Amino acid sequence: MPVTGRVALGIVDPRWLEIHPEEDPILSAGQQFVPSPHELKTIAVVRPNGELCHVRHEPGRSAWDYARACDLSTADWAWIAQPDGRTARVGVGPWNAQPSEEPAPGSWIWAPPREMPDLVATAEGMIKFLATQGPSPQAIDSGPIAASSGTTSTAGTAAIGDAPSNNTSASHDGSQVPIVRAVPASPTPQPKTFRASSNDWGETGLLQTPSARMGEVGDFRLSASHVAPYTRLNFMFQPLDWLEGGFRYTSINNRIYGAGLSDQDYKDKSIDFKVKLAKESAYVPELALGFRDFGGTGLFSSEYLVASKRYGDLDFSLGIGWGNMGSSGNIKNPLIALSNRFRTRSGATSSTGGQTNFRNFFRGPAALFGGVEWRTPWDPLTFKLEYDGNNYQHEPLSNRLEQRTPFNFGLEYRYSSALAFSAGIERGNKVMVGVTLLTNLAKLQSPKVADTPLPRFTPEPPKAFSGWATTASDIEARTEWSVQRIAPQGEKLHVWITESLTVYREARVEAIIALLHRDAPGFIKSFVLHYRERGLALHAQVVNRDEWINEHYKAMTPSEKRAISQRDYAPPLDNSDDRLPSLPTAASSRANVAANSSATNSGARLESIATMEKPKTTESQSMAPWEQKRERYIFGLTPSTTQIIGGPDAFLLYQIGIQATLEYRFNESTWFNGALNWRIVDNFKKFTYTAPSNLPRVRTFQREYATTERLTMPIFQLTHVGRFTDNQYYSVYGGALEPMFAGIGAEWLYRPSRSRIAFGIDVNHVRQRAFEQDFGLRDYKVNTGHATLYWDTGWNGVRATVSVGQYLAGDRGLTLNVSKGFENGVVLGAYATKTNVSSREFGEGSFDKGIYVAIPFDAFLPKSSKFTAAFNWSPLIRDGGAKLGRINPLYDMTSIRDSKAFAIGPPENIRPRSGDNILNFENTR
């Protein structure tokens with residue numbers, strides 16, 4: 001086989017490459033363009049014993065057709081290496097069939113039989129290796145054509161080392177000529193992409209019942225359904241491939257919220273989750289364990305175990321449910337065989353809500369449920385038929401419902417990938433209608449068509465120097481970061497950057513390097529970027545200019561790409577990295593101090609070296625440092641919104657206003673933040689309910705703070721930050737720290753650069769503010785603070801934060817916050833707080849908890865933006881477990897020290913590009 005080391009070329013049309021120079025690599029010494037040596041007409045299928053089976057290419061045929069031609073009919077997966085080096089895995093069994101790209105002439109196909117699991121396990125490595133070998137060997141045109149039997153032969157399951165099978169025949173001169181087979185006469189029907197759908201409850205399932213199916217990682221569904229007397233609004237997420245979860249509001253329209261509270265329909269809040277226990281295979285169904293209304297009031301609490309098995313366009317489900325789902329009791333609870341404790345289930349629901357009654361799990365009556373989902377020949381339409389295990393005779397709030405039949409049926413019409421409509425007949429006497437909005441948070445991306453294009457790439461340095469002020473202005477316009485200073489020193493160009501608290505950093509760094517390369521003289525060999533926030537030196541990067549140029553216009557092998565160095569290091573406290581160098585004085589105008597960056601195993605350091613004579617003319621101008629004039633006042637106007645969902649006064653309370661913000665900087669490390677909010681439009685006339693409380697009212701005065709004044713001052717704070725050692729930071733602050741509390745406080749943070757662990761402590765003495773949110777104060781005061789451990793687990797983007805301390809109501813306890821971060825910067829998380837306050841003292845909800853989503857604007861806007869949209873859902877606002885809502889936390893301020901600070905960006909583009917590493921066994925990001 002030929003030597004490996006191929007890199008892919010995308011489009012090789014000369015006119016296209018002329019206007020896309022970034023796709024037109026320059027060949028270096030020893031490199032050559034390798035076109036196909038001959039016309040490609042056949043496809044090579046690799047047999048389990050290593051022999052090649054040659055099949056003549058026929059347009060419109062799938063990988064499975066070529067595998068069948070070589071009598072390989074027991075495979076579940078087929079791996080394809082296209083002649084240009086791209087590889088793919090496609091399902092070919094009845095349980096996992098999926099549409100795939102047609103193999104081109106010259107492709108390799110590897111379809112190991114399921115009876116040989118060792119070969120299946122090595123298939124990814126095999127196909128990647130074959131992709132480096134160029135197009136598959138071609139059988140000569142004069143070779144005989146063999147018809148495929150379409151059946152399995154002994155050769156299809158032969159072990160490596162078996163005797164050769166009938167893949168060759170003798171020619172008239174006695175030499176062996178490869179047999180060229182023909183694809184079967186009847187093509188394999190093109191399968192549809194498997195598509196899971198949601199049920200009335202928002203879960204992946206049929207109508208009333210769930211299935212074991214789950215969506216893709218990052219899926220988000222917002223759905224609404226109505227079947228009398230229930231109207232449900234569901235929010236469901238897929239943070240991991242084995243975990244589905246979300247929350248729901250259920251309106252029961254034949255029951256009122258509560259006497260003396262509201263005459264609106266009764267509203268119930270609930271949290272669900274489902275865990276995948278086993279993946280589907282040829283003979284094993286997908287298996288999942290789920291919990292409905294877990295931790296709510298328990299009105300609809302259920303547990304279930306369900307299995308799903310696919311066969312072509314049919315997807316079957318069968319499960320057993322307990323609680324509300326198993327109320328028909330159509331089978332005996334099988335767990336009674338273990339203990340009689342499983343015979344009965346308490347019918348009481350939680351009066352305070354939020355509690356999980358573990359003693360009820362899997363107890364009481366049980367019922368079988370199941371059904372089938374059929375993808376009809378009309379692709380958008382799916383038919384559903386199910387058997388419901390609930391007989392609706394034990395519905396919550398004594399709401400017994402008539403059920404004529406346990407069979408439900410319905411249709412889902414998938415209007416687009418983002419919108420689906422559903423309708424059906426349930427309980428034999430009620431019409432169900434629903435709508436679902438779908439998206440994938442992990443795949444959110446938007447081309448930045450509104451951004452100013454980067455300068456046209458050229459490997460040559462500029463012929464004229466336009467000035468560092470122009471460079472800095474262009475960097476700020478394209479990145480929204482601030483450039484403090486640009487200082488050439490010898491062969492290095494140093495750039496000090498601040499206000500870089502952005503999610504998509506790498507794309508901005510690329511823009512900065514492109515602009516520096518455009519403007520820097522040719523004697524500049526490397527660019528050093530220093531990142532500072534509020535006067536704190538946090539991080540630095542050294543980019544070799546020649547390596548950056550080569551990466552952009554030369555064909556590089558995988559090993560050469562891995563050698564590209566963008567060296568990251570943490571600046572030490574006693575080094576010049578932590579201080580801006582001074583502008584040259586008259587006495588020193590004829591010399592410049594040069595700095596050299598040296599990298600060691602533990603990091604790189606800038607060290608002072610000997611002075612150099614100042615270059616003449618253009619170089620003399622370009623060697624002069626440039627510094628940005630500091631702005632002391634920063635003023636802004638932004639829209640402001642507040643929503644309160646699911647309360648007793650109305651399902652949605654809202655306000656829309658405008659907020660003016662002001663920042664005054666005394667120096668780099670000391671500044672003042674202030675804000676004025678003007679409430680313009682709202683429906684707060686309906687806001688009359690103040691929740692009862694057994695604790696100091698630190699949050700349940702929500703209505704009073706929201707409605708007392710239209711013009712409020714939510715923030716009025718003075719902050720100072722500093723650095724103790726290389727990895728230790730501190731801040732002190734005072735003023736109106738949040739809308740409800742004012743006081744003083746301090747924070748300390750230990751955060752090593754690129755470490756997965758950080759630790760911090762904050763202490764605060766605060767007093768409750770007046771309802772008007774002006775300078776007035778109320779009598780209540782408290783000491784509050786926490787010790788917090790931040791941990792990046794390194795597993796699937798999961799982070800955990802644990803805080804222990806005293807809360808605003810004086811209660812003491814622990815807050816656990818777990819989040820999943822996707823590669824495009826979207827964060828999905830949940831938190832819960834448990835303190836020494838009992839559930840009865842806490843009140844409705846039992847303990848503080850919530851779910852949140854953060855989406856960077858860069859992920860969905862056509863123009864780059866450093867801002868992030870955040871949504872937080874908490875079922876109830878109560879006084880227990882309430883933390884101080886501080887601004888300017890040190891962990892956020894030092895985020896650039898995170899090991900993944902420069903790894904977040906748009907989802908990987910799988911379109912083949914020039915220079916792609918086709919022997920890439922790892923995710924590129």
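**Figure 1. Surroundings of I513 in the predicted model.** In this predicted model, I513 touches F527, L529, V543 and W548, apart from any residues up to four places away in sequence. I513 belongs to the residues with the most contacts inside the largest nonpolar core, a group that also includes I486, L493, V495, L516, L529 and Y531. This core comprises 42 residues.

Figure 2. The greatest contribution is that of α6, which supplies 6 residues. Another core lies apart from the largest one; it has 19 residues, including I43, V45, I80 and V90.

**Figure 3. Packing of helix α5 against helix α6.** Two packed helices are described by the angle between their axes and by the distance between those axes. Helix α5 covers residues 468-479 and helix α6 covers residues 505-519. Their axes are 10 Å apart, and the helices pack at an angle of about 160 degrees. Angles over 145 degrees count as roughly antiparallel, and α5 and α6 are therefore roughly antiparallel to each other. The crossing in which α5 passes α6 is right-handed.

**Figure 4. Residues at the contact of α5 with α6.** From α5, the residues W468, T471, D474, I475, R478 and T479 take part in the contact. They meet R508, I512, L515, L516, R518 and D519 of α6. By class, the residues of this contact comprise 5 nonpolar, 2 polar and 5 charged.

**Figure 5. G290 within strand β15.** G290 is located in strand β15, which spans residues 286-292. Is this glycine buried or exposed? G290 is buried, because its relative accessible area is 0%, and buried means under 20%. Leaving out neighbours within four places in sequence, G290 is in contact with F273, K274, S302, E303 and Y304. G290 and E244 are separated by 46 residues in sequence, and their C-alpha atoms are 9.0 Å apart in space.

**Figure 6. The cis peptide bond between A228 and P229.** Most peptide bonds are trans. A228 and P229, however, are joined by a cis peptide bond, with omega at about 5 degrees. P229 is placed in the loop between β11 (219-227) and β12 (230-240).

**Figure 7. Two residues with positive phi.** Most residues other than glycine have a negative phi. R754 is not a glycine, yet its phi is positive, at about 65 degrees. R754 lies in the loop between β38 (741-750) and β39 (757-769), and its relative accessibility of 27% makes it partly exposed. Q773 is likewise not a glycine and has a positive phi, of about 55 degrees. Q773 is found in the loop between β39 and β40 (777-792). Q773 counts as buried because its relative accessible area is 8%, under the limit of 20%.

**Figure 8. The protein as a setting for the close-up views.** The protein contains 12 helices and 46 strands. Of its 925 residues, 49% count as buried. Among contacts between residues at least 6 apart in sequence, 61% join residues at least 24 apart.

Note on methods: Residues numbered from 1 in each chain as written. Predicted model: local features only at pLDDT ≥ 70, side-chain atom pairs only at ≥ 80, totals over all residues. Heavy atoms only, no water. Axes fitted to C-alpha atoms, helices over the stretch in contact; angles between N-to-C directions. Helix = DSSP H or I, 4+ residues; strand = E, 2+ residues; numbered from the N terminus. Parallel < 35°, antiparallel > 145°, perpendicular 65-115°, else oblique. Left-handed = near helix turned anticlockwise from the far one by under 90°. Contact = heavy atoms within 4.5 Å. Nonpolar A, V, L, I, M, F, W, Y, C, P; charged D, E, K, R; others polar. Core = buried A, V, L, I, M, F, W, Y, C linked by side-chain atoms within 4.5 Å. Buried < 20%, exposed > 50% of the residue type's maximum accessible area, 1.4 Å probe, protein only.
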